[in-house]
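Q: I am new to this structure and would like a close look at a single part of it.

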Amino acid sequence: MRSRFSKLLCVACGSASALLAAATAMAHSVSEQAQQRMLIGGFFDAAWIGAEHMLTGYDHLLFLLGVMLFLTRFSQIVVFITAFTAGHTITLLFATLAGITANPHLVDAVIALTVTYKAFENLDLFRRWFGRPAPNLLFMVFVFGLIHGFGLSTRLQQMTLAKDPELVTKIIAFNIGVELGQIAALVLMTAVVKVWRTSSAFPAITRVANGALIAASAVLLALQVHGYVTSSQAAAAVTEGVVYPS
């Protein structure tokens, strides 16, 4: 058993390392090509960009994986994912229409913390460390959906003009794309978790997986803080007419 767990740990750590490497390589920022497609494209272009953003949004995907790890029934999956979807749809639509935004790096840093929170809750560390149960999970998933939606909104607002006559249509199309991308990711996650559950080592798998989520979210948090500091310095340099060496 110890040998099997050691092998499992190695595989999981290897996967986590690959994930962290991928996260480091990907800035999850808005490319110039995506901005142009959003500006001059139509409904399907906006939907495609939304799906693409979700499927390359490692922070969103990590949080969804954390939610999926302990959902055992299809009805549970529907309820929790509906709460998450409702949350991020609300802020995506209203923040974008109202032009409410913030530094994307800071928003993504908070999203990274939601991944940490979910893994922390999965490991029952609220009870172990603080002697009390975790806050209501369904409520927290909805709240985190609001935060993730604001993150999506800040990115969407980088891709389209506030005075775009097709702004509402593009927001709706982008959100539809996000939902389709989320469904595709959930199908894969459900299949993977279902296979994990058939193993007698599932408790060990979940511990390692949640540890990997915490490690990955820590890397994402560091990347976003670094991005915020770098972008702030660049903005200050432009304001002062000074160019910092890259």
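What is the handedness of the crossing of α4 and α6, and how do the helices around α4 meet?

A: The crossing of α4 and α6 is left-handed, a word used if the near helix is turned anticlockwise from the far one by less than a right angle, whereas right-handed is used if it is turned clockwise. Before going further, please note that this is a predicted model, in which local features need pLDDT of at least 70 and side-chain atom pairs count only at pLDDT 80 or more, while totals for chains, interfaces and linings use all residues. Residues are numbered from 1 along each chain as its sequence is written, and side-chain values use heavy atoms, with hydrogens and water left out.

As a setting for this part, the protein has 10 helices and zero strands, where helices (H or I, at least four residues) and strands (E, at least two) are DSSP runs numbered from the N terminus.

Helix α6 covers residues 104–122, and α4 packs against α6 at an angle of about 15°, with their axes 9 Å apart; axes here are lines fitted to C-alpha atoms, for helices over the stretch in contact, and angles run from 0 to 180 degrees between N-to-C directions. That makes α4 roughly parallel to α6, since angles under 35 degrees count as roughly parallel, over 145 as roughly antiparallel, 65 to 115 as roughly perpendicular and the rest as oblique. On the α4 side, Asp59, His60, Leu62, Phe63, Gly66 and Val67 meet Asp108, Ile111, Thr114, Val115, Lys118 and Asn122 in α6, contact meaning heavy atoms within 4.5 Å. By class, this contact of α4 with α6 has five nonpolar, four polar and three charged residues, with Ala, Val, Leu, Ile, Met, Phe, Trp, Tyr, Cys and Pro counted as nonpolar, Asp, Glu, Lys and Arg as charged, and the others, Gly among them, as polar.

Helix α4 (residues 58–68) also meets helix α9 (residues 167–197), and the axes of these two helices come within 10 Å and cross at roughly 40°. That makes α4 oblique to α9, and the crossing of α4 and α9 is right-handed. Here Leu61, Leu64, Leu65 and Met68 in α4 meet residues of α9 that are Gln182, Ala185, Leu186, Met189, Thr190, Val193 and Arg197. Sorted by class, the contact of α4 with α9 has eight nonpolar, two polar and one charged residues.
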